[in-house]
Amino acid sequence: MGKKMLTHEEQHKLLDLLKSASEQRPVEEILSEFFSNANVRLFNICYSLSLLLQDKRQLSSSERLVAFAILHQSYSSQKPSANPFISFLVNAACDDKAEKFERAFIIHLLGSGSSNNSKEIVKLSAADYVKSFDASSHAFPQREQLQQQYCDKVHPELYTSTFKIAAIRNVLSDPDVPLGCDANSPEFDLQPGGKPKLGSGDRDEAVNGLLANISVGGLSPCLIRPIPPRFPVDERELVWLNPDNNHELQWDHGMCADTSRGVAVRDLIAKALKGPLAPPQQEQVLVELANDPKLVYHCGLTPRKLPELVENNPIIAVEVLTKLINSPEIADYFTVLVNMDMSLHSMEVVNRLTTAVELPKEFVRMYITNCISSCENIKDKYMQNRLVRLVCVFLQSLIRNRIIDVKDLFIEVQAFCIEFSRIREAAGLFRLLKSIESSSSS
């Protein structure tokens with residue numbers, strides 16, 4: 001069996017609803033009560049009802065009509081072909097062995113969307129409908145006609161697997177009870193002192209038991225499949241398949257270690273971001289970083305805070321960046337350094353870095369381009385002349401120390417020197433470029 005379709009609470013509510021069909025309640029009122037529960041699981045309940053309806057003796061005539069009405073109205077807001085039980089309803093309407101009032105009732109339900117007379121049917125109680133039914137006034141269309149009208153098209157018979165054919169249904173007829181037997185006949189009433197006859201018993205109890213044990217799949221034969229053979233294992237794979245888990249414990253000698261130095265450096269770096277440190281404080285940071293380079297990862301500095309450290313304490317900034325040169329985040333620090341406002345301190349930091357570590361050529365080239373662009377865009381003539389002198393001295397230092405190859409930036413630097421040729425340092429840089437050009441050509 002598979003998973004049960006209904007909970008214990010759903011079983012009792014559904015049974016009580018079906019029993020109310022014998023209380024002269026209009027079908028419309030019963031449907032309204034059913035759909036008043038917003039959490040109702042329509043498919044589970046409709047599937048359970050369809051299984052009960054397959055055996056014509058499980059439910060009384062009134063209960064069967066109410067069950068068919070639930071099957072139809074649960075999906076009445078959609079087109080008929082979207083109802084997962086439309087084929088079941090069409091087959092029931094064309095079942096020659098079924099009661100004619102039942103077939104007519106289903107046909108009325110299927111046509112309720114277009115016929116006012118069909119809508120009036122649900123305003124009657126199920127019992128009143130059965131009593132007032134006149135078979136002579138009803139015509140029963142062919143199955144193909146109903147399928148074309150409500151199923152969009154006639155579907156060919158679907159393939160059914162051998163296992164599904166061999167499965168035992170969830171509802172079985174009692175072979176000892178004749179098909180035409182009326183389950184409500186007084187013949188089956190238990191007489192005092194007599195033995196119960198076949199077919200007698202509490203039908204409500206039987207229906208309740210079926211609802212409690214109904215599952216989607218029924219009882220199918222087990223598909224027995226032999227366990228596939230294991231692929232041969234190579235001897236070299238045994239170590240991987242059966243790893244040795246005898247790990248040796250390693251003592252962490254850093255546990256309970258003195259972390260006061262790290263706290264001191266972190267506090268001093270926090271002060272260095274706000275203003276220049278006193279010489280003894282600056283010396284303390286440099287000594288601590290030299291003794292333990294890993295402190296740089298715990299000092300609280302981030303790429304976003306680097307410009308503040310460069311402007312207030314360039315020497316500490318150089319030391320920190322030197323220790324971070326192999327860090328995965330060094331590219332972020334270089335990006336911030338290139339894009340920050342050009343100043344004497346930023347050029348001092350870059351100049352010191354070029355002599356301390358090997359900087360990426362792309363970073364140096366971008367920094368020089370940014371310096372030249374800053375000089376060209378500044379409006380204040382005094383500040384412009386001051387920055388041009390700083391840039392020229394900075395570039396001469398890089399060229400003489402062979403940090404950069406002049407050929408990579410020759411045209412850009414030469415244009416810079418010509419634009420600011422009035423400034424002595426720019427003229428000196430231009431002469432340096434020409435001397436390098438003439439020596440390389442000769």
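Of the contacts in the chain that join residues at least 6 apart in sequence, 72% are between residues at least 24 apart. The model described here is predicted, and its secondary structure consists of 22 helices with zero strands.

**Surface and burial**
- The chain has 442 residues, and buried residues account for 39% of them.
- The accessible surface of the chain is about 27600 Å², and carbon and sulfur atoms contribute 53% of that area.

**Asn44**
- Asn44 belongs to helix 3, which covers residues 42-54.
- With a relative accessible area of 16%, Asn44 counts as buried, because the cut-off for that class is under 20%.
- When its neighbours within four places in sequence are set aside, Asn44 is in contact with Met5 and Leu6.

**Aromatic side chains**
- Across the whole structure, a search finds 12 aromatic pairs.
- An aromatic pair is formed by Phe34 and Phe35, whose rings lie 4.9 Å apart centre to centre with 75 degrees between the planes; this pair is edge-to-face because the angle is over 60 degrees.
- The two members of this pair are Phe34, which is buried at a relative accessible area of 7%, and Phe35, which is partly exposed at 33%.
- Phe35 falls in the partly exposed class because its value of 33% lies between the limits of 20% and 50%.
- One aromatic cluster is made up of Phe43, Tyr47, Tyr75 and Phe85.

How values were computed. Residues are numbered from 1 along each chain as its sequence is written. This is a predicted model: local features need pLDDT of at least 70, side-chain atom pairs count only at pLDDT 80 or more; totals for chains, interfaces and linings use all residues. Side-chain values use heavy atoms; hydrogens and water are left out. Helices (H or I, at least four residues) and strands (E, at least two) are DSSP runs, numbered from the N terminus. Buried means under 20% relative accessible area, exposed over 50%, partly exposed in between (1.4 Å probe, protein chains only). Contact means heavy atoms within 4.5 Å. Accessible areas come from the Shrake-Rupley method with a 1.4 Å probe; for residues, only the protein chains shown count as cover. Rings of Phe, Tyr and Trp (its six-membered ring) pair if their centres lie within 6.5 Å; planes under 30 degrees apart count as stacked, over 60 as edge-to-face and the rest as tilted.
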